[in-house]
Amino acid sequence: MAAEGFTVDMNKPLVFQVGHLGEAYQEWVHQPILSKEGPRFFQSDFWEFLTRTKWWIIPIIWLPIVFWLIFKSIRMGHTFAHIALMLLFGICIWTLVEYILHRFVFHMQTRTYWGNTIHYLFHGFHHKHPMDGLRLVFPPLGAAAICYPIYNVAKLVTSPSTLPALFGGGLLGYVMYDMTHYFMHHGQPSLEPLKNLKKYHLNHHFRAQNRGFGVTSLLWDKVFGTLPPLKSAAGKSG
C-alpha cells in the first residue's frame with residue numbers, strides 16, 4: 001500500500017516508516033499479516049528489546065503489587081468483605097477504562113506522520129500482526145507510565161484507606177485483561193464462554209475493527225451499542 005509513491009518495506013524496521021503512508025495508513029494497518037513471527041520495530045537493539053514481552057512477565061511483575069496493595073488496606077482496618085467489594089469495584093472500573101482506551105485512543109483515526117507512527121506503536125501493529133506473541137501484552141514500563149497518572153487521579157476521589165484495595169482491583173483487572181487477550185489469540189478454549197469471547201474478539205480483528213472494543217467483557221459494548229456482528233472470524237486466525 002502506497003501513499004504519494006511510498007511503500008512500506010517489511011524487511012526494514014517499521015515504526016518510522018508507517019508515518020509516511022499518510023491517509024493510506026488506516027487501510028494498510030487493517031490488512032493483517034498472520035505470521036506468528038513479529039516484525040522488527042526499531043534499528044536499535046535496546047529499543048527493540050523494550051517492545052517485546054513474554055506473557056508470563058505480566059503476572060510475575062503485577063500480582064505481587066496487587067497483593068501488597070490489598071495488604072495495605074488490611075493494615076488500615078478494612079475487613080475482608082470490604083476489600084472483596086473494593087477489588088470487585090476496581091475490576092469493574094478497569095473494564096470501562098479498557099473499553100474507553102481501546103475505542104477512543106487505540107482506534108483514533110490518524111493520517112499525519114507522527115499520528116500514524118504513535119498509533120502504530122501503541123496499537124496499530126497489533127492489527128497488522130495480530131499473532132505476534134511477543135507484543136500481545138503491554139510492556140511493563142508502558143503499563144507503569146499509564147498507571148501513574150490513573151493512581152494520582154484516584155487519590156483525588158478516594159480515601160487513603162480505600163485507595164490501595166480499589167487500585168489493586170483495577171490492577172488485577174488489567175492483569176486479567178492481558179492474560180485473556182493473549183489467550184484469545186494463542187489459546188484454544190474448550191469452554192463455551194471463552195469460545196464465544198474468542199469469536200467476539202476475532203470479529204473485531206477480521207470483520208469489524210470499529211466494533212467490539214471490550215476484551216475481558218462484552219458489557220460496555222452492549223451499553224454503548226458497539227457489539228460486533230455475530231458471525232465468527234475464528235477460522236481466519238491462523
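1. Burial. In this predicted model, 45% of the 238 residues of the protein count as buried. Among contacts between residues at least 6 apart in sequence, 69% join residues at least 24 apart.

2. Overall fold and dimensions. The secondary structure comprises nine helices and two strands. The order along the sequence is β-β-α-α-α-α-α-α-α-α-α. The protein is as compact as a globular protein of its length, because its radius of gyration, 19 Å, is close to the 18 Å that the globule rule gives for 238 residues. Along the principal axes, the C-alpha trace spans about 65 × 40 × 30 Å.

3. Helix H7. This helix (163-186) has 24 residues, which at 1.5 Å a residue should span 34 Å; the end C-alpha atoms are 35 Å apart, so the two values agree. H7 is mostly covered, with 18 of its 24 residues buried.

4. Helix H8. Residues 192-206 form this helix of 15 residues, and the distance from its first C-alpha to its last is 21 Å, close to the 21 Å expected at 1.5 Å a residue. Its buried residues are Leu 197, Lys 198, Tyr 200, His 201, Leu 202, Asn 203, His 204, His 205 and Phe 206.

5. Gln 209 sits in the loop between H8 and H9. Its relative accessibility is 19%, and therefore Gln 209 counts as buried, the cut-off being under 20%. Leaving aside neighbours within four places in sequence, Gln 209 is in contact with His 30, His 107, His 127 and His 204. As for Phe 67, its C-alpha lies 36 Å from that of Gln 209, and the two are 142 residues apart in sequence.

6. Helix H6. The 18 residues of H6 should span 26 Å at 1.5 Å a residue, and the end C-alpha atoms are 26 Å apart, so the helix agrees with expectation. Ala 143, Cys 147 and Ala 154 are buried in H6. An α-helix has 3.6 residues a turn, so residues three or four places apart point the same way.

7. The largest pocket. Its space comes to about 1,300 Å³. The lining has 50 residues, and those nearest the centre are Phe 138, Pro 139, Gly 142, Ala 143 and Ile 146. One of these, Ala 143, is also a buried residue of H6. H6 (140-157) contributes at least two lining residues, as does each of helix H2 (45-50), H4, H5 and H7. The largest share, eleven residues, comes from H6. By class, the lining consists of 35 nonpolar, ten polar and five charged residues.

8. Trp 47. This residue belongs to helix H2. Trp 47 counts as partly exposed because its relative accessibility is 49%, where exposed would require over 50%. From Trp 47 to Pro 139 the C-alpha distance is 12 Å, although 92 residues separate them in sequence. Pro 139 is one of the residues nearest the centre of the largest pocket.

9. Gln 26. Helix H1 (residues 25-29) contains Gln 26. With a relative accessibility of 12%, Gln 26 counts as buried. Apart from residues up to four places away in sequence, Gln 26 touches Met 108, Gln 109 and Thr 110.

10. Ser 35. In the loop between H1 and H2 lies Ser 35. This serine is partly exposed, its relative accessible area being 35%. Met 131 and Asp 132 are the residues that Ser 35 touches, not counting those up to four places away in sequence. Between Ser 35 and Met 131 there are 6.4 Å from C-alpha to C-alpha, for a sequence separation of 96 residues.

Terms used: Residues numbered from 1 in each chain as written. Predicted model: local features only at pLDDT ≥ 70, side-chain atom pairs only at ≥ 80, totals over all residues. Heavy atoms only, no water. Helix = DSSP H or I, 4+ residues; strand = E, 2+ residues; numbered from the N terminus. Expected span 1.5 Å × (residues − 1). Buried < 20%, exposed > 50% of the residue type's maximum accessible area, 1.4 Å probe, protein only. Contact = heavy atoms within 4.5 Å. 1 Å grid on protein atoms, 1.4 Å probe; cavity = no way out; pocket = protein on both sides within 12 Å on 5 of 7 lines; lining within 4 Å. Points joined across faces, edges and corners; volume = space filled by probe spheres on them. Nonpolar A, V, L, I, M, F, W, Y, C, P; charged D, E, K, R; others polar. Rg over C-alpha atoms; globule rule 2.2 N^0.38 Å.
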